[in-house]
Amino acid sequence: MDATPWLRQVAQALAEVELEAVLIGNAAAALQGAPLTTVDFDFFFRRTPRNVRKLKELAGRLGAVLWQPYYPISGLFRMTRDDDSLQLDFMSVIHGAKSFEGVRRRADWIEVGGAKLLVASLADVVRSKEAASRPRDLAVLDILKKTLDETEGASKKGARGAQGRK
Amino acid sequence: MKRKAHRRKALAALKVENERAVVDMIRRWQALPPGKRTNFLRKRLRWGASAL
């Protein structure tokens with residue numbers, strides 16, 4: 001299923017409420033070139049009272065419900081929309097990443113359907129999955145690492161080609 | 001004995017073939033521009049199942 005309509009809608013709503021959030025997880029890996037699938041979108045954000053207010057505003061704009069499942073201390077905010085099963089998870093802490101700043105600095109702006117979304121680097125997704133080490137993370141780790149190798153191989157080849165042309 | 005050796009070789013070749021197929025799939029996906037790598041969403045179905 002094409003994620004473009006949802007991603008566009010979410011990216012536009014994030015821009016409207018001025019909430020800075022980085023797409024992470026399998027959705028980020030897919031946009032960064034890993035052939036993976038997912039059922040939801042995970043975001044990393046900085047948890048401040050202002051940003052939590054913005055999350056509520058975002059939920060309103062998307063016609064979704066914002067709630068904190070099970071353990072509030074986990075820093076997870078889940079946004080769900082019953083009409084079409086849209087699910088967005090916003091996390092303020094993730095495995096394998098010390099700070100939001102670092103992940104944001106290494107992230108790329110990717111344009112999806114005319115809207116721009118901040119997407120975590122593949123290396124950060126790999127680091128996070130490795131650190132989390134849940135069975136579902138380990139299941140995709142091999143393909144993520146192969147993709148990372150391919151990406152790095154391609155960029156090195158590109159750099160060598162550019163040097164050769166000079 | 002001969003059949004066992006053949007089976008071992010066939011399985012080894014199958015493993016290499018599989019590895020190649022994975023790399024091929026990655027390269028095909030990477031050949032798309034980032035904004036077009038969006039056909040990754042699985043729709044939730046009943047009973048916890050999902051489909052592309």
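Chain B holds one helix and two strands, and along the sequence they come in the order α-β-β. Its radius of gyration is 18 Å, well over the 10 Å that the globule rule gives for 52 residues, so chain B is more spread out than a compact globule. Please keep in mind that this is a predicted model.

**Chain B**
- Taken along the principal axes, the box filled by the C-alpha atoms of chain B is roughly 50 × 35 × 5 Å.
- Among the 52 residues of chain B, 10% count as buried.

**Where the chains meet**
- Chain A brings 22 residues to the contact and chain B brings 19 residues.
- On the side of chain A that touches chain B, α1 (4-17), α2 (25-31), β6 and α6 (135-165) each supply at least two residues.
- The most comes from α6(A), which gives four residues to that side.
- By type, the residues on this side of chain A are 12 nonpolar, six polar and four charged.

**Strand β2 of chain A and its neighbours**
- Five of the five residues of β2(A) (residues 41-45) are buried, so this strand is largely enclosed by the rest of the structure.
- A:Phe41, A:Phe43 and A:Phe45 point one way from β2(A), while A:Asp42 and A:Phe44 point the other way; all are buried.
- With strand β1 (residues 21-24) of chain A, β2(A) pairs in the antiparallel sense over four bridges, and A:Ile24 has A:Asp42 as its bridge partner.
- With strand β5 (residues 86-91) of chain A, β2(A) runs parallel and is joined by four bridges; here A:Leu88 in β5(A) stands opposite A:Phe41.

**The β6-β7 hairpin of chain A**
- Strands β6 (residues 108-112) and β7 (residues 115-119) of chain A run antiparallel and are joined by five bridges.
- One of the paired positions links A:Ile110 to A:Leu117 in β7(A).
- Two residues lie between β6(A) and β7(A) in this hairpin, and A:Gly113 in the turn has a positive phi of about 55°.

**The nonpolar core**
- In soluble globular proteins, nonpolar side chains tend to be buried together.
- In this model, the largest nonpolar core has 50 residues, and A:Val22, A:Leu23 and A:Phe43 have the most contacts inside it.
- Leaving aside residues up to four places away in sequence, A:Leu23 touches A:Ala28, A:Phe41, A:Phe43, A:Leu117, A:Leu118, A:Val119 and A:Ala120.

How values were computed
Residues numbered from 1 in each chain as written. Chains lettered and ligands numbered in written order. Predicted model: local features only at pLDDT ≥ 70, side-chain atom pairs only at ≥ 80, totals over all residues. Pairing = 2+ DSSP bridges. Contact = placed C-beta atoms within 7 Å. Nonpolar A, V, L, I, M, F, W, Y, C, P; charged D, E, K, R; others polar. Rg over C-alpha atoms; globule rule 2.2 N^0.38 Å. Buried ≥ 20, exposed ≤ 12 C-beta atoms within 10 Å, placed from the backbone. Core = buried A, V, L, I, M, F, W, Y, C linked by C-beta atoms within 7 Å.
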